[in-house]
Amino acid sequence: MWIDGGFVTYKPTPPKDVDLVYLCRDVSHMAVMLLSDSIAELITLGDVIFGFPFAAGVKRLQPVGGLVDAFLALPSAQMYWATQWSMIKGPDGKRVPGTRKGFVEVSL
């Protein structure tokens with residue numbers, strides 16, 4: 001599992017959430033994870049539509065009341081996450097050239 005967020009580098013305001021990527025071993029491992037009864041409560045969902053007791057939808061639904069951004073990733077997507085999370089962004093939200101930061105890896 002990789003962990004990132006505003007606490008990994010300096011920001012003028014305190015972080016509002018933590019970012020997690022659970023690295024699945026392969027496609028079959030991801031399929032097992034996605035079929036888990038509780039997975040919807042643990043990962044960030046996009047474009048969620050629900051219909052009881054009334055029809056509604058949200059663009060993004062995050063676990064722990066929005067305090068966690070959590071995703072599942074296949075091995076083929078690991079480079080994407082490593083590249084995104086190693087970037088340092090300036091106050092304008094743009095990448096600061098020639099800089100990199102780390103993130104936390106936890107082996108489960």
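This is a predicted model: local features need pLDDT of at least 70, side-chain atom pairs count only at pLDDT 80 or more; totals for chains, interfaces and linings use all residues.
## A buried aspartate

The side chain of aspartate 4 reaches the side chain of lysine 101 in a polar contact of 2.7 Å. You will find aspartate 4 in strand β1, which covers residues 2–5. Aspartate 4 has a relative accessible area of 5%, so it counts as buried. Leaving out residues up to four places away in sequence, aspartate 4 touches Val18, Asp19, Trp85, Lys101, Gly102 and Phe103.

## The sheet

Strand β1 belongs to an open sheet of four strands, with mixed pairing and the order β5-β2-β1-β6. At the edges are β5 (68–73) and β6 (104–105), each of which pairs on one side only.

Follow β1 to its partner β6: the two pair in the antiparallel sense, over two bridges. Here isoleucine 3 has valine 104, in β6, as its bridge partner. Helix α4 packs on the sheet, where it touches β1, β2 and β5, and its direction makes about 30 degrees with that of β1. Helix α1 (residues 27–34) lies across β2 and β5, running at about 135 degrees to β5.

In soluble globular proteins, nonpolar side chains tend to be buried together. In this model, the largest nonpolar core has seven residues: Trp2, Val21, Leu23, Ala73, Trp81, Ala82 and Trp85.

Technical notes: Residues are numbered from 1 along each chain as its sequence is written. Side-chain values use heavy atoms; hydrogens and water are left out. Buried means under 20% relative accessible area, exposed over 50%, partly exposed in between (1.4 Å probe, protein chains only). A polar contact is a pair of N or O atoms within 3.5 Å; within protein, one must be able to donate a hydrogen and the other to accept it, and residues adjacent in sequence count only if both atoms are side-chain atoms. Contact means heavy atoms within 4.5 Å. A nonpolar core is a set of buried Ala, Val, Leu, Ile, Met, Phe, Trp, Tyr and Cys residues joined through side-chain atoms within 4.5 Å. Two strands pair if DSSP finds at least two bridges between them. Axes are lines fitted to C-alpha atoms, for helices over the stretch in contact, and angles run from 0 to 180 degrees between N-to-C directions.
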